[in-house]
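Trainee: I have a model open and some questions about it. Can we go through them?
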Amino acid sequence: MSQDSRIRKGNREVRLSSADRVLFPDDGITKGDLFEYYEQVAPALLPHLRDRPFTMKRYPHGIDGEVFFQKQAPKHLPDWIPTRQFRTWPRRGGGAEGGGAGQAGSSSDTASQAKPWRLVDFALVNSVEAVLFMVQNNCIDMNAWYSRVDKPDRPDFVLFDLDPPDGGFVDAIRVAHLIRELLDEIALPGYVKTSGADGIHVVAPITRRATFKQTYDFAERASRLLEARHPGLVTTEWLKKKRRGVLVDHRQNGHGKTIASVYSVRPKPGAPVSTPLRWEELTDDVRPRTFGMGEALERVKKHGDLFAPVLEDPRPLASAAKALEKLAS
């Protein structure tokens with residue numbers, strides 16, 4: 001790809017500059033390589049980003065350099081990339097679950113500069129060109145909310161984020177299957193993907209009726225039940241020095257949290273991709289960074305989007321929560 005390439009579609013144009021800038025120094029993977037990957041994977045990726053407030057995580061000097069988060073859409077955002085405004089709180093501020101977001105709309109929103117929140121215009125990544133604009137602005141992974149703008153307080157899924165100890169990825173695979181078995185017990189299907197970093201994500205799609213508090217409480221109850229059933233293998237302990245086993249982190253279900261979307265390249269050596277798997281593929285020989293950009297594209301070509309059911313087949317959380325409560329009692 002040339003140093004100065006342009007992608008045009010109608011009135012949309014994205015110019016790629018510094019295509020040969022190396023973002024992954026150990027692998028020689030460049031900004032241009034990333035641009036080409038996202039252009040090809042976009043048809044599978046876009047449904048998982050559409051209408052979700054987007055946080056830019058920018059790596060201007062590659063994965064070993066400075067990284068910064070940018071919630072506010074940049075001033076140079078093209079007018080063909082839509083935005084939506086929401087309130088956000090700092091992590092220790094006054095939002096839901098200790099920090100999150102709510103839609104702007106009250107005249108009191110600007111009544112006092114002393115408020116613990118601020119108004120942020122979030123970009124919505126709803127087109128191939130919007131994805132490529134984010135790559136041009138040095139975003140490596142694509143981070144978006146669990147909810148969409150029409151119902152910002154109603155998440156689309158419950159997330160079980162598995163964080164194994166060093167050298168414990170095989171245990172994380174075991175725990176992922178235990179989560180699936182528990183979800184099967186309460187008739188809530190789960191879908192699995194590599195995080196692309198060091199863990200595993202299990203996602204249970206739900207109808208958009210539950211609140212973030214309800215999904216948080218559900219994930220916590222499920223995680224603690226697994227911890228009680230499998231002591232030493234499953235833990236909910238946040239502090240690493242006290243942990244024994246694989247952390248099932250229910251805290252990631254808070255309001256305003258973001259997740260690196262399926263098919264995101266992660267800022268790790270080898271440019272691994274957060275890749276969906278069939279459950280029978282999650283075997284002990286899988287490693288956290290098995291799937292790179294080439295493998296991810298080949299899998300989409302062969303299997304289609306294995307995460308499509310996360311969008312297409314949501315289930316009510318209420319009935320699953322009642323079934324879980326009976327199991328936990």
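Trainee: Which residues line the second largest cavity?

Mentor: Tyr-263, Thr-275, Pro-276, Ala-296, Arg-299, Val-300, His-303, Gly-304 and Leu-306. This is a predicted model, where local features need pLDDT of at least 70, side-chain atom pairs count only at pLDDT 80 or more, and totals for chains, interfaces and linings use all residues. Residues are numbered from 1 along each chain as its sequence is written, and side-chain values use heavy atoms, without hydrogens and water.

Trainee: What counts as a cavity or as lining?

Mentor: On a 1 Å grid over the protein atoms alone, a cavity is a set of points where a 1.4 Å probe fits but cannot get out, and lining residues have an atom within 4 Å of a point.

Trainee: Which helix gives the most to that lining?

Mentor: Helix α5 (residues 293-303), with four residues. Helices (H or I, at least four residues) and strands (E, at least two) are DSSP runs, numbered from the N terminus.

Trainee: And the largest cavity, which residues lie nearest its centre?

Mentor: His-48, Phe-157, Ile-259, Ser-261 and Val-262, out of 14 lining residues. Elements giving two or more residues to this lining are α1 (31-49), β10 (143-145) and α6 (308-312).

Trainee: Now the sheet. What is the strand order?

Mentor: β14-β15-β11-β13-β12-β17, an open sheet with mixed pairing. Two strands pair if DSSP finds at least two bridges between them. The edge strands are β14 (234-235) and β17 (276-277).

Trainee: In which sense do β12 and β13 pair?

Mentor: Antiparallel, over four bridges. Lys-193 is opposite His-201 in β13.

How values were computed: On a 1 Å grid over the protein atoms alone, a cavity is a set of points where a 1.4 Å probe fits but cannot get out, and a pocket is an open set with protein on both sides within 12 Å along at least five of seven lines; lining residues have an atom within 4 Å of a point.
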